[in-house]
Amino acid sequence: MRHFWTQGPVNSQEHYVVSRTEEIANYINRVQQGKYVVLFAPRQTGKTTFFKVAIETLAADQIESPKLFNYFPIQLNFDIYKNTSIDDFYDNLYQDICDEIENLCQRRDEMLPEALSQLLANTKLTNHHSMRRFFRQLGRLLTPQKFVIIIDEFDGIPQAALSDFLHTLRHIYISGKPRCPHSVGIVGVKSIAQLSYDRSISPFNIQDEFHLPNFTLEQVQELLGQYTEEVGQSFIPEVITSIHRHTAGQPVLVNRFAQILTEELDIPITEPITMAHFSTAHAQLLNEKNTNIEHLTTNIRRDARFESVLMRMMARDEGIEFNLDDDIISDLATYGVIKKAPDGMCEILNPIYLYRIMRTFKPTVNGLEDDYLPEDSSEDYFDYLTPAGHIDMEALLDNFRDFIARVGFRILQVPDTPQESVGRHLLLAYLDQFVKIIGGIMHIEVQTGRGRMDIIINHNQQKYIVETKIWRGDSRYQAGKKQLSVYLKSEGVRRNEGILHRL
């Protein structure tokens with residue numbers, strides 16, 4: 001039985017795998033054209049898995065007979081080269097190339113040609129010049145096959161070797177066809193410009209940029225469908241669309257959701273996976289530590305300026321321009337925290353990240369917790385439940401409004417919180433404490449990517465939606481009410497069930 005996997009590359013023998021057929025065909029087409037391709041994307045987005053499949057596809061591409069192939073592809077990894085000297089870098093690079101050439105011949109059940117064996121035995125790489133000459137000789141021996149290299153974790157190249165290495169590849173490229181390598185794939189997290197710390201003009205301006213998107217809804221359906229086909233347990237359609245919406249198709253988060261639902265909740269395989277199960281898995285994912293979330297929280301703490309920029313993205317309707325020439329925006333995009341929205345503005349990648357960002361920057365103690373409930377009353381949080389056990393949301397929000405009035409100017413003294421975000425921080429902290437006490441589940445959804453944020457509370461088989469917007473004047477307030485009316489209708493809420501509070 002296969003499994004959903006979150007700990008490194010996946011393979012179709014052991015794991016459920018999205019085929020990415022269109023993306024593979026797109027990349028192979030670029031190889032056929034002899035392009036030098038670059039792919040820079042955040043960690044844990046499926047890059048390594050994707051290019052392993054690409055290598056296998058190229059390696060099996062035959063010209064006419066089983067013993068005549070179009071391509072001779074190898075995959076390298078620069079992950080452990082970072083702190084090596086230039087001499088050691090080229091020496092180890094050469095050994096890795098030799099190993100990969102021999103491995104491919106073995107997989108094809110071929111003997112290493114004598115001339116090629118002699119070339120590998122008699123060559124020593126010491127710098128970019130010897131590398132260029134080696135590739136020229138290799139290309140002659142492999143003809144008519146085209147030599148293809150994919151370099152994973154390219155960020156690990158020693159900084160001292162970067163410029164000459166890229167200049168050499170550029171020289172090979174512009175020398176025309178036939179050439180060796182015929183095509184090069186450079187894969188990493190940081191772009192060439194970010195790796196060139198002196199900010200000089202890129203020595204690799206012949207690059208063809210390739211984008212590997214997150215999973216589409218159809219690909220999430222494909223992934224989960226493989227499990228259903230093997231095991232027989234189905235997901236109701238709303239669960240699949242909810243997984244995609246809350247993760248925005250981020251591969252590790254999609255697989256982690258599926259792991260929890262199929263392996264950790266002990267749902268009998270004779271029962272379908274329902275939205276009740278989804279809510280339980282979602283609550284676990286929102287609060288657990290995993291490698292993907294640790295990457296997120298570590299990265300957003302790297303620069304003290306990130307917090308105010310991220311809070312502003314979420315708070316303001318007009319947003320912040322997605323400008324990669326800005327170092328802060330570029331870094332947040334590199335770390336996979338934000339993406340470019342359809343209107344060219346910045347957008348938090350998905351609602352799960354937004355929730356964890358808010359939790360990361362939420363003060364451990366805001367100093368106002370004792371004022372959440374009126375001091376001169378005997379109320380506790382259970383007083384905001386009806387006799388039927390449902391949340392009296394109007395009374396709960398009335399109390400939050402009164403709480404703001406009670407604490408007055410002290411809300412501006414909440415530690416480590418931008419003033420524009422303090423209201424949302426306090427509302428989240430207030431509702432979070434309430435929900436935990438009554439045994440509910442709370443999460444965040446983002447409807448527009450910025451400006452508007454929905455707090456979703458699930459309790460006693462009821463769903464409560466608290467939509468928040470920053471006050472921007474009466475005209476926007478009136479427009480916001482019209483948007484809210486449309487939204488309530490889409491959620492099936494009757495007119496008299498909505499509550500409008502202006503705090």
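Where is the place of Pro144?

Mentor: Pro144 sits in the loop between helix 5 and strand 3. Helices (H or I, at least four residues) and strands (E, at least two) are DSSP runs, numbered from the N terminus. This is a predicted model, in which local features need pLDDT of at least 70, side-chain atom pairs count only at pLDDT 80 or more, and totals for chains, interfaces and linings use all residues. Residues are numbered from 1 along each chain as its sequence is written, and side-chain values use heavy atoms, with hydrogens and water left out.

The peptide bond that joins Thr143 and Pro144 is cis, with omega about 15°. Another cis peptide bond joins Lys177 and Pro178, where omega is about -5°. Pro178 lies in the loop between helix 6 and strand 4. As background, most peptide bonds are trans, and most residues other than glycine have a negative phi.

Strand 3 covers residues 146-152, and six of its seven residues are buried; buried means under 20% relative accessible area, exposed over 50%, and partly exposed in between (1.4 Å probe, protein chains only).

Two strands pair if DSSP finds at least two bridges between them. In general, strands of a sheet pair through backbone hydrogen bonds, either parallel or antiparallel.

Take the two partners of strand 3 in turn. Strand 2 (residues 71-77) pairs with strand 3 in the parallel sense over seven bridges, and Gln75 has Ile150 of strand 3 as its bridge partner. Strand 4 (residues 183-188) runs parallel to strand 3, joined to it by four bridges. On that side, Val148 has Ser183 of strand 4 as its bridge partner, while Ile149 stands opposite Val184 in strand 4.

Strand 3, helix 6 (residues 159-174) and strand 4 make a right-handed β-α-β unit. A crossover is right-handed if, with the strands pointing away from the viewer, the path from the first strand over the helix to the second runs clockwise.

On a 1 Å grid over the protein atoms alone, a cavity is a set of points where a 1.4 Å probe fits but cannot get out, and lining residues have an atom within 4 Å of a point. The lining of the largest cavity includes Ile149, Ile151, Phe165, Leu169, Pro181 and Val184. Helix 5 (128-142), strand 3 and helix 6 are the elements that give two or more residues to this lining.

Further out, the nonpolar cores give the wider setting. A nonpolar core is a set of buried Ala, Val, Leu, Ile, Met, Phe, Trp, Tyr and Cys residues joined through side-chain atoms within 4.5 Å. The largest one has 81 residues, and Leu310, Met313 and Ile338 have the most contacts inside it. Helix 17 (residues 422-438) supplies the largest share of this core, 10 residues. A second, separate core of 44 residues includes Val38, Phe72, Leu116 and Leu195.

Arg20, in the segment before helix 1 (21-32), has a positive phi of about 50° although it is not a glycine. Arg20 counts as buried at 6% relative accessibility. Asp109, in the loop between helix 3 (86-107) and helix 4 (114-122), also has a positive phi, near 60°. Asp109 is exposed, with a relative accessible area of 66%.

For the chain as a whole, the secondary structure comes to 18 helices and 10 strands. Of its 503 residues, 49% count as buried.

How values were computed
1 Å grid on protein atoms, 1.4 Å probe; cavity = no way out; pocket = protein on both sides within 12 Å on 5 of 7 lines; lining within 4 Å.
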